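Morning, everyone. Please have a look at the structure, and I'll talk you through a few parts of it.

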Amino acid sequence: MKTTTTPIIPVTTTFAKVEGKHELHKEAICLFAATGFFWDTDTYFRDEVALAPASTNEIDAAGFLLNSTPNFKWHYSPRAISFEDALQEFTTLFERITAEQVGNRKVILPLSGGLDSRSQAAALYHLQKDVFSYSYQFKGGYAETAISKSLAEVCNFEFKKYEIPKGYLWETIDELAKINNCYSEFTHPRQMAIFDEFDSMGEVFSLGHWGDVLFDRGAPEGTQEVDLPELVVKKVVKKGGMELANALWASWKLEGVFEDYLNRRISDLLQKIEIDNVSAKMRAFKSLYWAPRWTSTNLAIFAQKHPISLPYYDNRMCAFICTIPEEYLADRKLQIAYIKKRSEGLAKVTWQDHKPYNLYDYHKSKTSKNLPFRIVDKLKRETKAVLGSPFIERNWELQFVGKENNAQLKRQLFDGNLSEHISEEIIEQFYTKFLKEDPVYYSHPVSMLLTLALRMKLFEDA
């Protein structure tokens, strides 16, 4: 027998066997189809589970889970602490974790126009680490690399920009399926487009995942406890996801109605979180069920090349968050104050979510002062579309749109063994709706069917 302990937010998922038939867990797959990730300890099979976050697990020699006991519970225990003291504590903790995780190795830092990677840049710059930074943008999309380059210049980091080309997915999809084991849909991990570039960048990745959840409101101001199930549905169910899940549920003749099953699962999971503060409870829900099964899944892509460090995943950071008053976490206050504290230059670079404003004047983005910028920005996009170069805003547009992409998508959906598990009528229905009705709405269902097709291929190859 062995004992396996999982972190509060696991970087990788550990699986174990349980008693039951080795058959597809179709209810779990319907949830996956609706939301893009598996829930709680669900997997593709009924006789296999993912080990729960923050748990101590006893597993026998045959790989069967004998017992699982929680070793940490999310809580909300705000201390009577000033904002300045909270900022100092965060500064010390964040930089200590960062220093420990990267050591003396050359750091690879993906930069974006947001706050999480910017906060890492501030820490790494302060710690005087050797950093190679990079960013990417869609071909024909928003020039995201411009902000990232400005951040790198402030810190004197080495920097390289990449443009994600149309249709890159098809050359890497089989490798990606093996890396993430098809526990995430395929249209999100842009890093696969520069996968081979990672070899020469440095020695350790520094990734800012989950900072935006820990250091912001867990729920909108005014949300009540009774509102949480509906809020979860709104947050996690993707466009077209409910329609696909309902179709699979009916086709497989599962008991009851999918929406009832979804709502019951949400209510059960929320009830397990013993936190009265609604915002903190929602943050805990996301950290327990969303981070490990959605955000963490494609971290495996980075880990294929180099060790990964994640300061916001650290157990100490999670424990720290539980003791900080919500008013300090709301609206990214602590992160913004930290960046300003460490680098006025980084704080003065445009914040992408509030462009053209920065961390000193972003409040103006919610006023009429930002209206002229939004109008000009929209006119630029519309002009590109009229001239025959549509503005690329979403990754699936690079993967599924166009003659060559369509040929690849069709081959993956119809030439494999997906129809042995999902009726060809359903596959054809959503593929046709994507092509002829509403590609934005039906891009998620098509991406999920593609993911399931690759997973079924893995079954077959095994």
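Start at tryptophan 74. Set aside its neighbours within four places in sequence, and tryptophan 74 is still in contact with Ile8, Ile9, Leu214, Ile275, Ala284, Ser287, Leu288, Cys318 and Cys322. Bear in mind that this is a predicted model.

Now the core. The largest nonpolar core has 147 residues. As background, nonpolar side chains in soluble globular proteins tend to be buried together.

Next, helix H1, residues 26–35. Nine of its 10 residues are buried, so H1 is largely enclosed by the rest of the structure. Those buried residues are Glu27, Ala28, Ile29, Cys30, Leu31, Phe32, Ala33, Ala34 and Thr35. After H1 comes glycine 36, with a positive phi near 90°.

On to the sheet. It is open, with five strands in the order S8-S7-S6-S9-S10, and the pairing is parallel. Which strands stand at the edges? Strand S8 (158–164) and strand S10 (308–309). Each has a single partner strand, so one side of each has no neighbour in the sheet.

Look at the S10 end. S9, residues 204–206, runs parallel to S10, and two bridges join them. Serine 206 has serine 309 in S10 as its bridge partner.

Last, the helices on the sheet. H4, residues 144–155, packs there and touches S7 and S8. Its direction makes about 165° with that of S7. Helix H3 (residues 116–126) lies across S6 (107–110), S7 (131–138) and S9. H3 runs at about 150° to S6.

Methods:
Residues numbered from 1 in each chain as written. Predicted model: local features only at pLDDT ≥ 70, side-chain atom pairs only at ≥ 80, totals over all residues. Heavy atoms only, no water. Pairing = 2+ DSSP bridges. Helix = DSSP H or I, 4+ residues; strand = E, 2+ residues; numbered from the N terminus. Contact = heavy atoms within 4.5 Å. Axes fitted to C-alpha atoms, helices over the stretch in contact; angles between N-to-C directions. Core = buried A, V, L, I, M, F, W, Y, C linked by side-chain atoms within 4.5 Å. Buried < 20%, exposed > 50% of the residue type's maximum accessible area, 1.4 Å probe, protein only.
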